Amino acid sequence: MKSTEPVRVAVNIRPLLTSEGCTDCITVTPDEPQVHIGSHTFTYDLVFGNGGLPFSQIYHRCVAPLVEDLFRGYNATILAYGQTASGKSYTMGTNCGADGGGIIPTVMEDVFTRVEAVKSQIRISFLEIYNEEIYDLLAASKPSRAPIRIRETNSGEITLQGVTEVQVKTKEEMSSYLARGSSTRATGITNMNIQSSRSHAIFTISVKITTAEETLCAKLRLVDLAGSERANRTGADGIRLKEGRHINSSLLALGNVIKILGGNERKKKKGVCHIPYRVSKLTRLLQDSLGGNSKTVMIACVSPAITDVEETLSTLRYANYARNIKNKAVVQKQKPSTPCFDAMVKELTPSNSDAKNKTVVQKHTPSSDYYAMVKELTP
């Protein structure tokens with residue numbers, strides 16, 4: 001079963017901080033998912049904060065339907081996008097425990113509530129993209145971490161060589177792995193954020209549901225992106241400056257993919273248009289999420305401060321492009337093996353040792369006529 005639908009886009013406007021000491025640059029149309037910034041007006045699927053829907057509804061409105069789709073066999077993605085210090089990690093709850101706020105802790109509770117009603121297995125992985133290298137946040141501690149390599153199957157599926165996948169049976173166990181991975185994620189202090197994420201983080205929940213008729217295998221990706229930043233505002237230098245360049249480079253690649261998928265260029269070329277997924281590891285990992293086999297919600301996190309007006313406007317523009325991206329989500333079915341059929345195949349297929357023992361070397365044995373002919377022709 002295939003479902004074609006656009007990427008849903010929500011805007012989350014964080015509260016204005018006292019330390020910012022300035023007025024709002026963004027307003028929301030009452031009772032409408034519409035925002036205004038300067039002379040620009042954008043309409044989205046949902047708007048939270050600053051006169052829009054309350055933040056407490058973000059899970060019910062944006063995420064709960066995707067968790068339901070996950071248990072129906074669809075891949076799904078939640079993507080938090082925006083500038084540094086716009087509230088992405090707070091919105092996603094990447095740094096929170098099971099009882100903390102944010103999307104991921106609530107997803108954990110929802111997943112294990114649904115698991116009770118079905119026969120299933122839950123596995124998780126936790127990655128970060130730091131300085132354009134992929135690292136496993138759940139790998140055993142090592143003096144120097146080895147980057148994870150991307151592989152692509154003949155069918156175009158993206159796989160990761162050597163990534164740690166852990167089976168979990170309780171919400172508390174999943175939460176402990178989230179906390180463990182978050183503690184090793186690259187963060188740092190800048191002038192704009194005392195705990196700035198210096199890497200993109202992807203927390204993946206894989207669900208395998210088995211029934212008498214079928215087996216469903218689907219994944220939910222929870223993506224907390226590092227924020228775009230300007231060095232003259234963050235005060236970054238040395239290592240922080242290098243990190244910022246890699247962050248901005250990968251976000252630029254992501255923005256280009258979003259713009260091509262959701263812009264007019266693809267329409268002009270009647271859908272035949274090169275999508276530069278391979279430019280960045282981030283876009284390769286999100287290939288299914290944007291224009292591929294996934295149900296996706298993008299949460300554009302923005303700051304209302306007038307000092308952030310340029311970054312906020314840029315985020316809103318890319319979010320507007322994302323609304324036009326069409327994904328084709330397919331139910332991830334795996335037919336359960338039939339014992340009788342498997343036994344028959346095993347019986348008819350010789351093992352390596354049997355094949356070796358039964359191998360017959362074909363030797364040519366000359367006939368008596370051959371020897372008589374040779375004798376006659378030999379003087």
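**The annotated binding site**

Guide: In this predicted model, Gln 83 is found in the loop that runs between strand S7 (76–81) and helix H2 (88–92). The UniProt record, an unreviewed entry, places the feature "binding site" at Gly 82, Gln 83, Thr 84, Ala 85, Ser 86, Gly 87, Lys 88 and Ser 89. Gln 83 has a relative accessibility of 3% and therefore counts as buried, since the cut-off for buried is under 20%. Apart from neighbours within four places in sequence, Gln 83 is in contact with Lys 88, Met 192, Gly 227, Ser 228, Cys 301, Ser 303, Asp 308, Glu 311, Thr 312 and Thr 315.

Ser 86, another residue named in the record's feature, also lies in the loop between S7 and H2. Its relative accessibility is 1%, so Ser 86 counts as buried. With neighbours within four places again set aside, Ser 86 is in contact with Arg 14, Cys 301, Val 302 and Ser 303.

Among the contacts of Gln 83 are Glu 311, Thr 312 and Thr 315, and helix H9 spans residues 309–322. Helix H9 packs with helix H6 (residues 239–262) at an angle of about 45°, their axes being 8 Å apart. The two helices are therefore oblique to each other, and their crossing is left-handed. On the side of H6, Gly 255, Ile 258, Lys 259 and Gly 262 make the contact, while H9 contributes Tyr 318, Tyr 321 and Ala 322. By class, this contact has four nonpolar, two polar and one charged residues.

Terms used:
Residues are numbered from 1 along each chain as its sequence is written. This is a predicted model: local features need pLDDT of at least 70, side-chain atom pairs count only at pLDDT 80 or more; totals for chains, interfaces and linings use all residues. Side-chain values use heavy atoms; hydrogens and water are left out. UniProt positions are given in the numbering used here, feature names are shortened, and annotations may be inferred rather than shown by experiment. Helices (H or I, at least four residues) and strands (E, at least two) are DSSP runs, numbered from the N terminus. Buried means under 20% relative accessible area, exposed over 50%, partly exposed in between (1.4 Å probe, protein chains only). Contact means heavy atoms within 4.5 Å. Axes are lines fitted to C-alpha atoms, for helices over the stretch in contact, and angles run from 0 to 180 degrees between N-to-C directions. Angles under 35 degrees count as roughly parallel, over 145 as roughly antiparallel, 65 to 115 as roughly perpendicular and the rest as oblique. A crossing is left-handed if the near helix is turned anticlockwise from the far one by less than a right angle, and right-handed if clockwise. Ala, Val, Leu, Ile, Met, Phe, Trp, Tyr, Cys and Pro count as nonpolar, Asp, Glu, Lys and Arg as charged, and the others, Gly among them, as polar.
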